[in-house]
Amino acid sequence: MTDARGQNGNLLPDAQRLTKLARPGLTGWAQVNGRNAITWEEKFKLDVWYVDHFSLWVDLRIILLTLLKVVRRRCRNLWAHAKTQRRKEIDLAALRL
């Protein structure tokens, strides 16, 4: 646990000081479990969970989940782009009639 202090100089609550032990990285447990769709309080709880369950297995799981989410998002974006292009082609064909 760290000796992190708030603006008033008092020690932060234990849970907040625990999260200071985890070094920031490219991704994290909160990012693969909601990212911007969850509140700061939920992110904080997920960070505390990560500190309590820190292991190589959890880190590998985070990396795998991150890769899956990136691939799914790219596939979803490609699908949406293809649908938009197809709609444009249909609209142009209708104008030619």
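Which residues is Ala 30 in contact with, leaving aside its neighbours within four places in sequence? In this predicted model, local features need pLDDT of at least 70 and side-chain atom pairs count only at pLDDT 80 or more, whereas totals for chains, interfaces and linings use all residues. Residues are numbered from 1 along each chain as its sequence is written, and side-chain values use heavy atoms, with hydrogens and water left out.

Apart from those neighbours, Ala 30 is in contact (heavy atoms within 4.5 Å) with Arg 35, Ile 38, Lys 43, Leu 46 and Asp 47. Ala 30 lies in helix α2, residues 29-32; helices are DSSP runs of H or I with at least four residues, numbered from the N terminus. Its relative accessible area is 4%, and Ala 30 is therefore buried (under 20% relative accessible area, 1.4 Å probe, protein chains only). A separation of 9.5 Å is found between the C-alpha atoms of Ala 30 and Ile 62, which are 32 residues apart along the chain.

The largest nonpolar core consists of eight residues: Trp 29, Ala 30, Val 32, Ile 38, Leu 46, Tyr 50, Val 58 and Ile 62. Such a core is a set of buried Ala, Val, Leu, Ile, Met, Phe, Trp, Tyr and Cys residues joined through side-chain atoms within 4.5 Å. Two or more residues each come from α2, α3 and α4 (56-96), with α2 giving the largest share, three residues.

Buried residues of α3 include Lys 43, Leu 46 and Tyr 50. Lys 43 has no salt bridge (a side-chain nitrogen of Lys or Arg within 4 Å of a carboxyl oxygen of Asp or Glu); the nearest side chain of opposite charge, Asp 47, is 8.6 Å away.

Note on methods: Buried < 20%, exposed > 50% of the residue type's maximum accessible area, 1.4 Å probe, protein only. Lys, Arg positive; Asp, Glu negative; His and termini not counted.
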